[in-house]
Amino acid sequence: MQFFIDTASIEQIQEAKDFGLMDGVTTNPSLMAKEGITGQQNILDHYKKIADLVDGDVSAEVISTDYEGIVREGKALAEIAPNIVVKVPMIKDGVKAISHFTKEGIKTNCTLVFSPGQAILAAKAGATYVSPFIGRIDDITWPGMDLIRDMAEIYAIQGFETLILAASIRNALHIVDAAKSGADVVTSPLSAYMGLLKHPLTDIGLAKFLADHEKANS
Ligand code: G3P
């Protein structure tokens, strides 16, 4: 399973890169706004900075919601760098644009996916990645991880090559459950990855090893 970091923060991306396990980056308009990146040129420049920093794929999201606009914006984003993936919302014109980008050899990430039916449409259109939003489904008391399991089953039966990118991941347990459920990729804030490190028995065990070493060597 690949680890993507879900942020537009250069500092967080650098920190994840230094940790050594980061395979790619996902962003969205909310994350760009959070970093204070506004205006067309600044947005393109920021994506270029991220794409240069990262070896793997970087998802950059379109703002347009009509087919022509999505295609125009997506092409401009794809031209920034070879590792840019055009992120397109799960709407009718978005699916049509994903089919177009697939024919053009442009990589896509279909975002805002909340049902197996939507996941089938994205795969049919040839999306490189599809992003089911696990945390937001959990937020409305529906088990988000069921969607990952359904998608993994459907994609395996149908032989779809679209990669399942578990998104809206909020904590370490989400990452473990996504791994168990068949996600190809998880995208998450760095804090959730750091949560995977934690176990009290590790801390207790390490303290004892160090104390025993200290006793024996003093
Ligand atoms: O990758 C999508 C993600 O950014 C959404 O996360 O926590 O806003 O639901 P969240």
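## Terms and model

Helices (H or I, at least four residues) and strands (E, at least two) are DSSP runs, numbered from the N terminus. The model is predicted: local features need pLDDT of at least 70, side-chain atom pairs count only at pLDDT 80 or more, and totals for chains, interfaces and linings use all residues. Residues are numbered from 1 along each chain as its sequence is written, and side-chain values use heavy atoms, leaving out hydrogens and water.

## Ligand site

The side chain of D6 places an N or O atom 2.5 Å from one. For R136 the distance is 2.7 Å, and for N28 it is 2.9 Å. Alone, the ligand exposes 310 Å², and the protein buries 81% of that (Shrake-Rupley, 1.4 Å probe).

## Cavity

The whole structure has 1 cavity of 30 Å³ or more (on a 1 Å grid over the protein atoms alone, points where a 1.4 Å probe fits but cannot get out; lining residues have an atom within 4 Å of a point). The largest cavity holds about 60 Å³ of space (the volume filled by probe spheres set on the points).

Its lining consists of F3, F4, I5, A16, F19, L21, M22, L190 and Y193. By class, that is 9 nonpolar, no polar and no charged residues. β1 (2–6), α1 (10–19) and α10 (190–195) each supply at least two lining residues. β1 gives the largest share, 3 residues.

Methods. A polar contact is a pair of N or O atoms within 3.5 Å; within protein, one must be able to donate a hydrogen and the other to accept it, and residues adjacent in sequence count only if both atoms are side-chain atoms. On a 1 Å grid over the protein atoms alone, a cavity is a set of points where a 1.4 Å probe fits but cannot get out, and a pocket is an open set with protein on both sides within 12 Å along at least five of seven lines; lining residues have an atom within 4 Å of a point. Ala, Val, Leu, Ile, Met, Phe, Trp, Tyr, Cys and Pro count as nonpolar, Asp, Glu, Lys and Arg as charged, and the others, Gly among them, as polar.
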